[in-house]
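I opened my notebook to look up how the side chains pack.

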Amino acid sequence: MPTTRRSAANRPGRWRLAATAAVLVSLVVSACSTGSGTASAPVPEEDRPGGTLNIGLAAEPNGVDAAVVNQVWRTVARALTDSLVFFNPETKEIEPWLATDWTVEDARVYTFTLRDDVTFHDGTKLTSEVVKQNFESLDRPGIHSSAKTIVEGIQEIRTPSENVVEVEFAEPNAAFLVSLSRAHAGIVSAETAALPVEERQKFLDGSGPFYLEEYTPNQRIVLKKRADYDWAPEYFGRTGPAYLDEVVYKIIPEDSVRNGAVIGGEELQFVYWVNAKYVDQLEAAGLTITETTNPATGTEWPVNTSSEILRDVRVRQALQHGIDREEFTQLVSGGYDEAATGPLSEANPFYSDQSEYLTYDPELSARLLDEAGWSETGADGIRVNADGDRLSFRFPRDGAAEQVVQAQWKELGIELVLDPPLDAEANEKLLSGEYDIAYWYHSTPDPDVLRANYGVDTGSNRSFVADDDETGQRLDDLLQEQNTVIEPEARQKIVDEAARLLVEDAYVLPIVNDTDIWAFQPSVHDIQPVGLDQYLYNAWLSEK
């Protein structure tokens with residue numbers, strides 16, 4: 001649940017506000033909220049249009065299409081594209097968007113009726129054939145796996161009329177509707193769908209309330225309002241175009257520069273993904289702080305079980321119990337994030353508590369490593385086996401968070417080598433098996449994120465489960481099965497067993513449940529989070 005924090009003086013006793021509720025609510029549309037916690041007189045809707053919102057990003061997103069690159073689904077891509085269906089964060093129900101209604105047969109055949117008034121920025125119409133082309137475009141090399149797993153298993157796509165599209169899976173797919181609500185599956189024009197994958201990183205034409213005016217890598221991304229937009233979900237409480245004339249995302253890597261810009265309020269009015277250590281400074285400057293909990297997996301480290309060393313479950317379990325997650329959250333986020341208690345976030349509707357397998361127990365870790373043959377310690381403090389091999393693992397990031405785990409494992413005689421790839425190669429490298437341990441998270445509020453990440457038959461198989469791994473194959477059976485079951489209680493039991501196997505046998509090392517922190521000027525109103533997605537449709541500025 002996004003929690004809006006006002007001034008430091010008005011905070012509850014705990015420094016860390018609770019952010020674990022599963023329901024995600026929007027900011028109040030009818031009042032003018034300010035950073036001090038007061039509210040001025042309501043601003044009439046006719047006085048809201050206009051203005052440019054400048055948003056600071058800490059890093060270049062490497063593209064604008066969420067089907068191809070990470071992170072941009074939270075921001076740019078969500079403003080440019082609409083989805084077939086909308087996930088209501090308050091009711092957790094799927095509601096109409098580009099599709100007015102749909103039928104589902106045995107979770108296998110999905111039939112959608114499309115709106116007949118939707119156009120893309122290039123003027124072409126939304127049709128069943130365009131939707132078909134979208135789905136087909138996601139099932140090809142280079143497409144980001146979070147998008148590709150949505151369409152895995154489709155047997156046939158039919159277009160019986162211009163506004164009706166039928167999607168038939170070979171096996172039931174219970175997560176399909178929820179997955180379609182995400183920006184990864186945002187509908188793009190036929191031209192965009194047909195582009196080579198590398199070109200989709202640079203250009204995107206959607207049916208959203210904004211269109212892409214400019215993308216200058218490492219500098220800025222400019223979005224302009226579509227004056228003809230008129231098909232927002234009912235959740236937003238109105239129709240017609242967005243209020244803002246323009247949105248400019250500015251890439252400003254330095255925290256101090258980015259924070260100074262938003263405090264000044266001229267160059268930036270909104271900062272996305274604030275480092276928690278700066279919250280007090282930003283609050284003291286009069287900015288509003290909003291927190292939103294990831295409704296899917298949180299930050300997790302998939303373990304490459306095809307690695308000779310990591311095939312041994314005892315070594316993986318030693319890594320699991322060698323992480324002090326409470327210390328991690330305090331050192332990395334000042335307690336804003338929450339220690340993971342399972343592979344699913346507590347905000348996920350199918351969460352279950354698996355914390356008994358995630359305890360910090362360095363004595364147990366040491367004993368497991370001894371049993372696995374890593375009982376000697378070299379001159380550098382790193383364990384070795386009888387052949388003289390060092391207990392060393394490569395990891396594809398090098399930041400403050402990774403350095404915390406690096407230090408914790410070093411006390412156990414485990415070396416974690418932080419060796420990040422180039423940003424442009426990150427997706428490919430994480431799926432290549434090149435690293436012993438990787439990182440990932442997912443944001444879809446459905447348990448099928450576990451199949452998307454760790455499924456073998458279908459899914460990304462981020463733990464590189466081998467054919468002769470009996471437990472891993474049992475895990476895959478459960479991950480595939482849960483997505484065929486509609487009845488919630490029956491599905492929950494399957495998900496719980498899969499979650500247990502994932503963490504007990506350490507196919508994944510869940511670290512924290514992430515909390516996104518936004519900071520913005522009092523002049524900014526009604527940027528609405530749905531999960532971690534940033535919806536700008538209702539956003540407006542009280543000072544143009």
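I began with the largest nonpolar core, which has 78 residues. Leu84, Phe112 and Leu223 touch the most other members. I kept in mind that this is a predicted model.

Next I asked what leucine 84 is in contact with, leaving aside its neighbours within four places in sequence. I found Pro96, Trp97, Leu98 and Ala99 among them. Phe112 and Leu114 are in contact with leucine 84 too, and so are Val131, Phe135, Leu180 and Ile187.

Then I noted a second, separate core of 34 residues. Its members include Ile309, Leu412, Ala438 and Tyr439.

I turned to the rings. How many aromatic pairs does a search of the whole structure find? I wrote down 23.

I checked where they lie. Phenylalanine 86 is in strand β5, and phenylalanine 236 is in the loop between β12 and β13. The pair therefore ties together parts that are 150 residues apart in sequence.

Ring pairs also link Phe86 and Phe236 into a cluster with Trp97, Tyr229, Trp231, Tyr235, Tyr535 and Tyr537.

Last, I looked for charges over rings. The charged end of arginine 238 sits over the ring of tyrosine 537, 4.1 Å from its centre. Arginine 316 has its charged end over the ring of tyrosine 507, at 4.6 Å from the centre.

Definitions and conventions:
Residues are numbered from 1 along each chain as its sequence is written. This is a predicted model: local features need pLDDT of at least 70, side-chain atom pairs count only at pLDDT 80 or more; totals for chains, interfaces and linings use all residues. Side-chain values use heavy atoms; hydrogens and water are left out. Rings of Phe, Tyr and Trp (its six-membered ring) pair if their centres lie within 6.5 Å; planes under 30 degrees apart count as stacked, over 60 as edge-to-face and the rest as tilted. Helices (H or I, at least four residues) and strands (E, at least two) are DSSP runs, numbered from the N terminus. A charge sits over a ring if NZ of Lys or CZ of Arg is within 6 Å of the ring centre and within 35 degrees of the ring normal. A nonpolar core is a set of buried Ala, Val, Leu, Ile, Met, Phe, Trp, Tyr and Cys residues joined through side-chain atoms within 4.5 Å. Buried means under 20% relative accessible area, exposed over 50%, partly exposed in between (1.4 Å probe, protein chains only). Contact means heavy atoms within 4.5 Å.
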